Amino acid sequence: MKTIDFRAIPLKNAKAFSISANKADILFAACGGKMEVIKPEDLKYRYLCGYVEVKGSHSAVLELNFFRKNEENFRLGFRFGLFPELKTLICLDLTYIDSRTVFTPRTPGTLKMVIHGNRTEKEEVDRIEFGIRETFEDMELILEDFYLTDEMPEKFPVPEKKLIDEFGQWALRDWPGKVHNEEELKAGLESRLDREVWKLLPGKTKWGGEAERKLAEPTGFFRTLKTPDGRWHLCDPEGCEFFSVGSDCVNPGDDARIDSLEALCDFPEEYKEACTREGRGGTLFSFTQANLMRVFGDEWKEKWREIAENILIGSGMNTVANWSSDIFRGGNQRIPYVYQTGSFPSTRTIVFRDFPDVLSEEYKENAEEFAKSLAPLKDDPWQIGYFLRNEPEFAFVPKLLIADEALHNPVDTACKKGVIEGLEKKYQDIAKLNAAWGSAFESFEAIGRAGGIIEKFPAAHDDLSALSIMLVEAYVGIPSKACRKVDPNHLNLGMRWAMAETPEQMAGWQNFDVFSLNNYSFSPVKLIDYVASQGVDLPIMIGEFHFGSLDVGLPATGLKGVASQKDRAKALRTYLETCASHPNAVGAHWFQFCDQSALGRFDGENYQIGITDVCVKPYDEMVAASRASAAVIAAVKNGEKAPFDEKFAEIPMIGY
């Protein structure tokens, strides 16, 4: 073990209020204050541990970034969140610099941690910076008892401090609209059961399409269409234009992860047993379900469904989007839905992160088994289509070439064999490959034992890019073809890529009916333009976007921040209508229906990103903005009306 002496640490964009060997009270500048807590030689230890307390009213986004020599931008970084006003023991596993995962396990008291960047060897690291991500104000952190060790702490003590009240709200603040007693909770929930208040917009089909804009003959299912003006469209089962606007995660609240954190909650004890379950790596509790049970008793599920449908319809939304409860399908639904298939096919041996050995017979067999999950719903006209999977983890790595990772992996996978065979087919003679790459391999097989080809031989890029496209085409195409055999009626909505920055991520698009991406920005146009520029001639759907604020109690904004609920509403209208104005766009789905738990969901996200709060109280500004967009979206889609464009106040995100 090695203890950290704070007195010897240089600061950047930060100043110390007080400092001693084992404790430092530091003000980090909003532009991103940093300090070099550890040095490259400290990477011989596995863990960096220590206590951190965030002073202020909102969560902090902390970073540990690793730099190579003469590089201004970090090569790889850890980003994680902490609660405000809670002394927390952190434990950072330094071996994650190998980039083997993007999402890491959560330790008690901490929020979500993610790994960004490219695989980095210890010997490459030139400096390491610890501090805060850019934020909207300076932040004070108290650091205490930092040390390096090879052993994870046995215990992670959490102070007994009530952060969450009995309704699941943040306890340390008050704000307009906060529920203070059961009578307020009851009155609010019951008021949302009135269908006369939450009405369908006029001029819509029962599916939420445009009754006066018939584009095609009815097929009984949703379909795509490209009109002569070059615009892509969706059509509802009656053949009417349908721009898909909806919410992800239409569920009775977002569960809070409570194991080791119970001291932070003021639980409604009479509902604790009924609302607690094991899952997603820990013990989860639903404050929203408890709130519904308080008011509606045994009828809470049926009442919640009615409330949720009313809010969606009243908001002008026409889609129950991804990750939503299956209560909205299978009969008596009022809103079309999209379907997320089951566990995406994998293999016993993984090439990199979650990328399977896609050239193996095992992958093909597992894809055929995976496709069977579509069978029960294949004849349902209310289903728009299905997503194959969500945000493949391998694609989070910037400029990744999966063929390079196949060669780097020491296991002789079918993918590695396929890459080597592809190189041998092109060059025939290893001498020709060596001349092209500037290498000195004695055989093609030796390439698979070298590791890190791109770093060593940059001239190999084009070859490995072409072979990466071959692998991604198999990754996408094999399960797509299997799904088409089982369900020929519904749209294949693609992979919900988290980013699309390289041609390799477009590979296999011909297997889809719709190309889908999740896009956390203030406008999706740049991303959609890039996809189209790569030759993807398909309609494009945004699977996730959101904006959050700090004015209604939750301590984090999510992946895009704005100043207030009014700004959220303006940002929502701007995004939806700007998206609709693009000739390739056919839908955009908000993430998510209910705010995340202020205590943090299973992985620690605790964002103010809901259409409703934890008490299922809609944010009026969001409902009004969504409904206003729905009234004009067809005109915007067809170039008859300019998209909404009113300025709103942005703030740096608090998200992890």
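Predicted model: local features only at pLDDT ≥ 70, side-chain atom pairs only at ≥ 80, totals over all residues.
A cavity is a set of points, on a 1 Å grid over the protein atoms alone, where a 1.4 Å probe fits but cannot get out, and lining residues have an atom within 4 Å of a point. Residues are numbered from 1 along each chain as its sequence is written, and side-chain values use heavy atoms, with hydrogens and water left out.

The model contains 4 cavities of 30 Å³ or more.

A pocket is an open set of points with protein on both sides within 12 Å along at least five of seven lines. The second largest pocket has a volume of about 660 Å³. Its lining is made up of 29 residues, and R75, N118, P398, K399 and E455 lie nearest its centre. Two or more lining residues come from each of α6 (402-408) and α10 (453-456) (helices are DSSP runs of H or I of at least four residues, strands runs of E of at least two, numbered from the N terminus). The lining of this pocket divides into 9 nonpolar, 10 polar and 10 charged residues.

An open sheet of 6 strands runs in the order β2-β5-β11-β7-β8-β10, with antiparallel pairing (two strands pair if DSSP finds at least two bridges between them). Because β2 (11-12) and β10 (110-117) are edge strands with a single partner each, one side of each has no neighbour in the sheet. Strands β5 (residues 34-35) and β11 (residues 125-132) are joined in the antiparallel sense by 2 bridges, and K34 has G131 of β11 as its bridge partner.

The largest nonpolar core has 162 residues (a core is a set of buried Ala, Val, Leu, Ile, Met, Phe, Trp, Tyr and Cys residues joined through side-chain atoms within 4.5 Å; buried means under 20% relative accessible area with a 1.4 Å probe, protein chains only). Helix α11 (residues 461-486) gives the most to this core, with 9 residues. Another core, of 38 residues, lies apart from it and includes V54, L76, I97 and F130.

Definitions and conventions. Points joined across faces, edges and corners; volume = space filled by probe spheres on them. Buried < 20%, exposed > 50% of the residue type's maximum accessible area, 1.4 Å probe, protein only. Nonpolar A, V, L, I, M, F, W, Y, C, P; charged D, E, K, R; others polar.
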